[in-house]
Amino acid sequence: MRNHLFSVRTLARQERQEFTDLLDGLSPQQWQAPTLCSGWTVRDVVAHTVAYLGQTRLGLTSAMLAARGQIDRLNESALRTAAGPEELRGLMRAGVDPSGVGALYGCRVALIECLIHQQDVRRPLGLPRIIPAGTLRGLRLIASDLDWSAGHGPVIRGPGEALLLAMTGRVGAIADELQGPGLAQLAPST
């Protein structure tokens with residue numbers, strides 16, 4: 001079990017490092033560009049991604065109570081207090097190693113957060129990447145560009161990146177990249 005947790009932590013650290021490297025190369029215009037997160041710019045997505053670094057479970061619980069249990073309200077508060085690109089890049093770089101709430105569930109929170117939100121930024125900016133096969137563990141899909149499959153039930157086939165985005169509610173952005181009878185079970189959303 002310990003080796004598996006170490007590998008998830010390593011994957012999370014690698015994902016955050018790659019996201020940080022991406023941010024280092026963005027122009028001021030790209031920081032203001034829209035993302036796959038409806039109504040959020042690149043700056044907003046990055047601010048959200050670093051908002052919970054170092055936050056404890058107790059701190060998150062307190063913040064959730066203050067937001068009356070509404071995640072959108074909690075996120076809005078984080079976005080209002082967030083800094084500009086330079087500070088956000090620094091926070092991301094300083095938080096490469098999962099900590100606080102991001103270290104929950106064996107660092108899976110940090111891994112998923114950066115894996116998904118990096119694609120939320122990359123796709124609209126036209127900066128694709130191939131997601132390493134190891135980061136797709138646990139999904140019930142068949143990747144057409146990787147030697148990977150998992151799960152049982154109706155088949156959904158497509159590139160690993162598109163499958164991941166579909167499983168996180170971004171079907172509208174990638175539906176044309178997926179095939180199979182299982183696709184009908186995914187509700188398009190952004």
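**Close-up 1. Ile174 in helix α9.** In this predicted model, Ile174 is found in helix α9, which covers residues 171-174. With a relative accessible area of 0%, Ile174 is buried, because a residue counts as buried when that value is under 20%. When its neighbours within four places in sequence are left aside, Ile174 is in contact with Arg123, Ala162, Leu165 and Ala166. Pro159 lies 15 residues away from Ile174 along the chain, and the C-alpha atoms of these two residues are separated by 9.9 Å.

**Close-up 2. Helix α3 packed with helix α7.** Two packed helices are described by the angle between their axes and by the distance between those axes. Helix α3 (residues 42-50) and helix α7 (residues 104-125) pack at an angle of about 175°, and their axes are 10 Å apart. Because of this angle, α3 is roughly antiparallel to α7. On the α3 side the contact is made by Val42, Val45, His48 and Thr49, while α7 contributes Glu113, Cys114, His117, Val121 and Leu125. Sorted by type, the residues of this contact between α3 and α7 comprise five nonpolar, three polar and one charged.

**Close-up 3. Helix α3 crossing helix α6.** The axes of α3 and helix α6 (residues 85-94) come within 10 Å and cross at roughly 35°, and this crossing of α3 and α6 is left-handed. Here Arg43, Val46, Ala47, Thr49 and Val50 in α3 meet Leu88, Leu91 and Met92 in α6. The residues of the contact of α3 with α6 fall into six nonpolar, one polar and one charged.

Note on methods
Residues are numbered from 1 along each chain as its sequence is written. This is a predicted model: local features need pLDDT of at least 70, side-chain atom pairs count only at pLDDT 80 or more; totals for chains, interfaces and linings use all residues. Side-chain values use heavy atoms; hydrogens and water are left out. Axes are lines fitted to C-alpha atoms, for helices over the stretch in contact, and angles run from 0 to 180 degrees between N-to-C directions. Helices (H or I, at least four residues) and strands (E, at least two) are DSSP runs, numbered from the N terminus. Angles under 35 degrees count as roughly parallel, over 145 as roughly antiparallel, 65 to 115 as roughly perpendicular and the rest as oblique. Contact means heavy atoms within 4.5 Å. Ala, Val, Leu, Ile, Met, Phe, Trp, Tyr, Cys and Pro count as nonpolar, Asp, Glu, Lys and Arg as charged, and the others, Gly among them, as polar. A crossing is left-handed if the near helix is turned anticlockwise from the far one by less than a right angle, and right-handed if clockwise. Buried means under 20% relative accessible area, exposed over 50%, partly exposed in between (1.4 Å probe, protein chains only).
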